Amino acid sequence: MRTLITTAFVSLDGVVEAPGGEPGYRNSGWTFQGIEFDAAAYEIKAREQDEAAAMLLGRVSYQAFSPVWPGMTEEFPRYNAMPKYVVSTTLKEEELVANWGEITILRSLDDVAALKETEGGPITVHGSATVNRNLSDAGLIDRYHLLVFPVLLGAGKRLFSDTDKDKQGLKLLESESYSNGIQKLVYDVVR
């Protein structure tokens, strides 16, 4: 069974929207504004790329990343080469880019569950706030890689849903604090 890992930049109040500067959100680019850069805080991002065997995205994140990431050959060589899966009920095959390797559309959470049952290494989920909330609510996420930023953003897309559900335990695997206030938290989901 493959491990499904959510990786996210998240504000202290749980917002994941527009961390890198995407348009349309009032705090767009919040991970880089007023936060001193500390390279050590991002070590986990390089490790994720080295350890992942596939990438999973929601349609919105796919449509944001696919025009840009294929050209980022120095930054994302392994991500660009690995298989990608897009969870969408509306994306059409002809809308997939041709220069980003193997891309498969998954039409449901059942398709994601079936993918997890296949042979292969870890699958990382990038961006994809809505998909992450749905995956979490369905019990499909196995691990969280979180970089928690010392900011409160108020409104915005959240990593976790507000669905009324049973308590979900997490086991802390890794944590570290950095000079700029960022916290690295790696949790396994307790089943």
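On a 1 Å grid over the protein atoms alone, a pocket is an open set of points with protein on both sides within 12 Å along at least five of seven lines, a cavity is a set of points where a 1.4 Å probe fits but cannot get out, and lining residues have an atom within 4 Å of a point. The structure described here is a predicted model, in which local features need pLDDT of at least 70 and side-chain atom pairs count only at pLDDT 80 or more, while totals for chains, interfaces and linings use all residues. Residues are numbered from 1 along each chain as its sequence is written, and side-chain values use heavy atoms, with hydrogens and water left out. The briefing covers the sheet, the pockets, the cavity and the aromatic rings.

**The sheet**

- Eight strands form an open, mixed sheet in the order β4-β3-β2-β5-β1-β6-β8-β7; strands are DSSP runs of E with at least two residues, helices are runs of H or I with at least four, and both are numbered from the N terminus.
- Two strands count as paired if DSSP finds at least two bridges between them.
- The edge strands, each pairing on one side only, are β4 (103-106) and β7 (170-177).
- Neighbouring strands of the sheet are turned by 20 degrees against each other on average, direction ignored; axes are lines fitted to C-alpha atoms, for helices over the stretch in contact, and angles run from 0 to 180 degrees between N-to-C directions.
- Helix α4 (residues 109-116) packs on the sheet and touches β1 (4-11), β2, β3, β4 and β5 (123-126), its direction making about 130 degrees with that of β4; contact means heavy atoms within 4.5 Å.

**Strand pairs**

- Strands β2 (residues 54-58) and β3 (residues 84-87) run parallel and are joined by four bridges, with G58 opposite V87 of β3.
- Strand β7 is joined to β8 (residues 183-189) by seven bridges in an antiparallel arrangement; E174 has V186 of β8 as its bridge partner, and K171 stands opposite D188.
- The hairpin of β7 and β8 has five residues between the strands, and G181 takes a positive phi near 95 degrees there.
- Strand β6 (residues 143-149) also pairs with β8, over six bridges in the antiparallel sense, and Y144 has Y187 as its bridge partner.

- The largest pocket holds about 1,300 Å³ of space, a volume being the space filled by probe spheres set on grid points that are joined across faces, edges and corners.
- Its lining has 47 residues, of which P19, E22, F65, H126 and G127 are the closest to the centre.
- Two or more lining residues come from each of β1, α1 (43-51), α2 (59-65) and α5 (129-137), and the largest share, five residues, comes from α2.
- The second largest pocket holds about 220 Å³ and is lined by 15 residues, with S136, Y144, K165, Q168 and V189 nearest its centre.

**The cavity**

- A search of the whole structure finds one cavity of 30 Å³ or more, and the largest cavity has a volume of about 40 Å³.
- The lining of the largest cavity consists of I5, E48, E51, A52, P122, T124 and H145.

**Aromatic rings**

- The count comes to 11 aromatic pairs, where rings of Phe, Tyr and Trp (its six-membered ring) pair if their centres lie within 6.5 Å.
- One aromatic cluster is formed by Y62, F65, W69, F76, Y79 and W100.

Conventions: Rings of Phe, Tyr and Trp (its six-membered ring) pair if their centres lie within 6.5 Å; planes under 30 degrees apart count as stacked, over 60 as edge-to-face and the rest as tilted.
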